[in-house]
Amino acid sequence: MKTIWLKITAQAPLALNEHKPGGSQFQEGLKFIPGTVVRGAVARALNYSARPGYEALWQAITQETACFGDAGPGIGARPHLLPTTAASCKDHAGFKTAGQGHGVFDTLIDRLCWETLQPPGLLYLPGCPECDGRLKAQGGWYTVRSGRYYANIPVSHLLTRVAINRRRAVAEARLLYSVNVMSEYMEDPLALADLPARRRLAPTEFRSPVRLPDAAAAQLLALLPELEVLGGGSSRGLGQVEVAEDETPGAELPLANRLADFNATIAGRKSGWEALARGQKLPAGGYFTLDLQAEAILERDWQPAYVYDAAALQSESGCQAPLTLVRSYAGYSYRSGWQGAWGLPKETAATTRAGSLFLFHTKDLKSWAEALARLEEDGIGARRGEGFGRVRVCDEFHTVMREEAK
Ligand SMILES: [Zn+2]
């Protein structure tokens, strides 16, 4: 098995919308490209068949040994999702690089200390590091470039078009329709701030990992130039993209470093909290998180579940070392879709939201390290081939404390 990263550059507005159950008649625009959409485009390029020369790729798709991750937006670097414990100022939300933003930081480690030690008479109610005002949760994709943190928010707008009369092939009187699209341009964070707004724009880029067998990986790379359209509206000039391999060297901090940094940050924070808690101590051993980089379809006894507990992790990873779920920060959502090969809508699935996280404690972190590396590659839950359930262990953002808000 091999993981390759794709870089998808928008050449025209992208229409990636979905209906959610109970939603209004308006389609909700997405801010990323779901793995299902990339997978569908590959299947379409193969003409839904084992095209000669691409048999291994077709087999990997149909047998779901190929996993297409969601493609997050970001220019010049690989994007990661902010964990749901990340927070920012309520009045001036955003990264400091965003000009008005009072900075974003993570609350997980301090909350862990506070909830475990319960120092008497003390509440964990952090305020904004700049103005001490109230906080709110800060979600979305972030990238790090030259040591600075950037939010990546593609520009959405409504395109209004004229409906065409199918019989006469001319504009239909009094009929207009609108499509919610992502613009093919977004602000390049590294562009000089004194340039006029229009010249700070760069083509919107997305990056996603694809994990698949070696033979299929080589065939996917050969097929990339043929992936020209993603999402809907191709007959209206929407969805043109250029897909290439993203070869950003050294883009990912290795898992071992993330695990070590996470536990070192906890060790650095806990002494202050332990002093307040009159001799109470955090248990010996180590901690790790599973940070969902995509929605996950978790099930227990054939029922949808939103929480991934110690028993589920032990059975899925095959590692039996001791483990406790300390806390889950998870929300739920729904995902529908369109099955291009069948021409039918997909079953709507209840999902655990992207950005959700599960915090575990173990007395034996060494035994877990190997299993976690496998889990990052394989993901958790159902329908992983379509990008569901991709996890990152101990995302770097957990070590961004309030004092050093980015
Ligand atoms: Zn503030």
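Student: At what angle do helix H2 and helix H4 pack, and how far apart are their axes?

Tutor: This is a predicted model. In it, helix H2 covers residues 55-62 and helix H4 covers residues 214-223. The two pack at an angle of about 110°, and their axes are 7 Å apart.

Student: Are H2 and H4 roughly perpendicular or oblique to each other?

Tutor: Angles of 65 to 115 degrees count as roughly perpendicular. The angle between H2 and H4 is about 110°. H2 and H4 are therefore roughly perpendicular to each other.

Student: How many residues of the contact of H2 with H4 are nonpolar?

Tutor: On the side of H2, the contact is made by Ala-56, Leu-57 and Ala-60. These meet Ala-215, Ala-216, Gln-219, Leu-220 and Leu-223 in H4. By class, the contact has one polar residue and no charged ones, and the number of nonpolar residues is seven.

Student: Which elements are among those that cover the buried residues of H2?

Tutor: The buried residues of H2 are Ala-56, Leu-57, Trp-58, Ala-60 and Ile-61. Among these, Ala-56, Leu-57 and Ala-60 also meet residues of H4. The cover of the buried residues includes helix H1 (35-45), strand S16 (205-212) and H4.

Student: Which residue just after H2 takes a positive phi?

Tutor: Helix H2 spans residues 55-62. Just after this helix, a phi of about 60° is found at Glu-64.

Student: Are H5 and H7 oblique or roughly perpendicular to each other?

Tutor: Helix H5 (residues 255-276) and helix H7 (residues 365-378) have axes 10 Å apart and pack at an angle of about 120°. The crossing of the two is right-handed. Since roughly perpendicular covers 65 to 115 degrees, H5 and H7 are oblique.

Student: How many charged residues does the contact of H5 with H7 have?

Tutor: Leu-255, Ala-256 and Leu-259 in H5 meet Ala-369, Leu-372, Ala-373 and Glu-376 in H7. Six of the residues in this contact are nonpolar and none is polar. The number of charged residues is one.

Student: How many charged residues does the contact of H3 with H5 have?

Tutor: Helix H3 (residues 108-117) and H5 have axes that come within 10 Å and cross at roughly 40°. The contact joins Ile-109, Asp-110, Cys-113, Trp-114 and Leu-117 of H3 to Thr-265, Ile-266, Arg-269, Lys-270, Trp-273 and Glu-274 of H5. Six of these residues are nonpolar and one is polar, while the number of charged residues is four.

Student: How far apart do the C-alpha centres of domain 1 and domain 2 lie?

Tutor: The domain assignment gives domain 1 as 2-76 + 152-245. Domain 2 is given as 104-131 + 253-404. The distance between their C-alpha centres is 29 Å.

Student: Does Arg-148 count as buried or partly exposed?

Tutor: Arg-148 lies in strand S11 (residues 148-151). A residue is buried if 20 or more other C-beta atoms lie within 10 Å of its own, and exposed if 12 or fewer do. Because Arg-148 has 13 C-beta neighbours inside 10 Å, its class is partly exposed.

Student: Leaving aside its neighbours within four places in sequence, with which residues is Pro-304 in contact?

Tutor: Pro-304 belongs to strand S20 (residues 303-305). With 14 C-beta neighbours inside 10 Å, Pro-304 counts as partly exposed. Its C-alpha atom is separated by 9.3 Å from that of Thr-352, 48 residues apart along the chain. Beyond the neighbours within four places in sequence, the contacts of Pro-304 are Glu-299 and Ala-350.

Note on methods
Residues numbered from 1 in each chain as written. Predicted model: local features only at pLDDT ≥ 70, side-chain atom pairs only at ≥ 80, totals over all residues. Axes fitted to C-alpha atoms, helices over the stretch in contact; angles between N-to-C directions. Helix = DSSP H or I, 4+ residues; strand = E, 2+ residues; numbered from the N terminus. Parallel < 35°, antiparallel > 145°, perpendicular 65-115°, else oblique. Left-handed = near helix turned anticlockwise from the far one by under 90°. Contact = placed C-beta atoms within 7 Å. Nonpolar A, V, L, I, M, F, W, Y, C, P; charged D, E, K, R; others polar. Domains from an automatic or database assignment.
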